[in-house]
Amino acid sequence: MQAVVMGAGSWGTTTAKVLVDAGTDTRIWARRPEMADRINAEHRSDYLPGVTLPDGLRAVTSVAEALDGADIVVCGVPSQTLRPNLAEWKPLIAPNASLVSLAKGIETSTLMRMTEVIGQVTEFPADQIAVLSGPNLAREIAEQQPAATVIACTDEQRAIEIQNAFSTNYFRPYTNTDVIGCEIGGAVKNVIALACGMASGVGLGQNTLATIITRGLAETIRLGGAVGASIETLAGLAGIGDLVATCSSPLSRNRTFGARLGEGATVAEAQEATNGQVAEGVKSCSSVRALAEKHGVDMPLTAAVNAVCHEGLSVPDAISSLLGRSTKAERG
């Protein structure tokens with residue numbers, strides 16, 4: 001079994017490390033030659049300072065070399081750049097390969113989930129496309145702290161094969177066939193993490209954060225139910241597990257980005273705080289809100305985050321607007 005991770009950001013590099021540690025022959029594709037050289041010569045990445053990468057991980061800059069003979073192709077580029085990248089990769093992907101999505105978002109132009117984008121561009125059947133999603137902060141996993149994740153694919157046997165390729169003594173994948181639930185959970189949690197960061201940035205405490213996480217889960221469940229997700233999935237690792245980790249940890253790019261906004265930074269200034277890496281929720285908040293509107297789902301937290309990121313609303317005004325909503329039953 002040979003794997004390639006297409007994308008050498010913090011999560012892509014961590015995923016490649018996991019695969020090598022699991023005994024899977026793995027390459028990583030890096031767009032920048034200097035990044036590939038650093039991985040090969042020094043066994044390190046700028047995105048994971050202090051972490052030593054395994055000797056067995058080889059980085060390449062050629063797409064053709066990266067994809068040659070790969071049985072598992074892990075798509076590790078940001079959600080909004082996945083489509084053009086796939087169009088370039090498509091002719092070089094083996095017809096029987098398993099495609100695994102790491103991106104957590106909804107495509108802005110189409111409102112498609114990432115596995116839908118992969119299927120449309122590559123024309124691969126759904127049972128060859130999987131998603132990996134869970135409470136997975138890259139830094140902690142790169143340090144080999146124990147973590148679990150979900151690998152979802154409509155083909156259960158393929159999910160098990162991918163599970164075996166990723167299983168280590170510190171990284172435990174579970175399988176699932178609910179691809180929709182895993183992707184909705186992963187997309188919405190980034191938006192809710194922005195909200196938690198904003199609240200933290202203006203100095204609000206744990207009661208507020210717990211409220212945002214809980215009501216954010218309610219929004220996730222409402223949207224998931226509307227598009228065909230299983231509630232059990234959203235109550236598991238790829239739902240509430242991912243939501244809690246991303247909303248609670250300072251290692252989360254989305255939470256960090258939101259905190260900067262709460263402290264008064266502009267979107268551009270907040271971007272600098274994430275070292276140039278993408279906070280997926282900034283773009284996904286618009287597409288998640290649009291998907292909710294398409295299905296008639298009420299998502300006030302998501303709407304507020306979108307208004308702050310893209311419509312010029314201040315964080316204090318966003319909080320006031322949420323608190324000013326009419327009272328209702330919790331399950332209403």
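Begin by selecting glutamine 144, which is partly exposed, with a relative accessible area of 39%. The model you are looking at is a predicted one, and in it glutamine 144 sits in the loop between α6 (138–142) and β7 (147–153). If you display backbone torsions, phi of glutamine 144 is near 65°, a positive value in a residue other than glycine. As background to that value, most residues other than glycine have a negative phi.

Next, select histidine 43, in the loop between α2 (33–42) and β3 (58–60), where phi is again positive in a residue other than glycine, near 55°. Histidine 43 is partly exposed, and its relative accessible area is 21%.

**An exposed aspartate**

Move on to aspartate 68, which belongs to the loop between α3 (63–67) and β4 (72–75). Is this aspartate 68 buried or exposed? With a relative accessible area of 57%, aspartate 68 counts as exposed, because the cut-off for that class is over 50%. Leaving aside neighbours within four places in sequence, the contacts of aspartate 68 are with Gln2 and Arg27.

**The annotated binding site and a buried aspartate**

Now select Lys104, Gly134, Lys189, Asp242, Ser252, Arg253 and Asn254, the positions at which UniProt, in an unreviewed entry, places the feature "binding site". Of these residues, Lys104 is included in the lining of the largest cavity.

Keep aspartate 242 from that group and centre the view on helix α11 (residues 237–248), in which aspartate 242 lies. Aspartate 242 is buried, with a relative accessible area of 1%. Which residues is aspartate 242 in contact with, leaving aside its neighbours within four places in sequence? They are Lys104, Ser133, Gly134, Pro135, Asn136, Gly186, Lys189 and Leu237.

Cysteine 75 takes part in none, and the nearest cysteine sulfur, that of cysteine 153, is 13 Å away. This cysteine 75 is buried, at a relative accessible area of 1%. Cysteine 182 is likewise in no disulfide, and for cysteine 182 the nearest cysteine sulfur, again that of cysteine 153, lies 11 Å away. Cysteine 182 also counts as buried, because its relative accessibility of 1% is under the 20% cut-off.

**The second largest pocket**

For the last stop, turn to the second largest pocket, whose volume is about 680 Å³. To find its centre, select Thr211, Arg215, Leu301, Leu322 and Leu323, which are the closest to that centre of the 27 residues lining the pocket. Then colour α8 (179–201), α9 (206–227), α15 (300–310) and α16 (315–323), the elements that each give two or more residues to this lining. Which element provides the largest share of the lining of the second largest pocket? It is α9, with six residues. Colouring by residue class instead, you will find the lining divided into 16 nonpolar, four polar and seven charged residues.

Methods: Residues numbered from 1 in each chain as written. Predicted model: local features only at pLDDT ≥ 70, side-chain atom pairs only at ≥ 80, totals over all residues. Heavy atoms only, no water. 1 Å grid on protein atoms, 1.4 Å probe; cavity = no way out; pocket = protein on both sides within 12 Å on 5 of 7 lines; lining within 4 Å. Points joined across faces, edges and corners; volume = space filled by probe spheres on them. Helix = DSSP H or I, 4+ residues; strand = E, 2+ residues; numbered from the N terminus. Nonpolar A, V, L, I, M, F, W, Y, C, P; charged D, E, K, R; others polar. Disulfide = S-S within 2.5 Å. Buried < 20%, exposed > 50% of the residue type's maximum accessible area, 1.4 Å probe, protein only. UniProt positions renumbered as here; feature names shortened; annotations may be inferred. Contact = heavy atoms within 4.5 Å.
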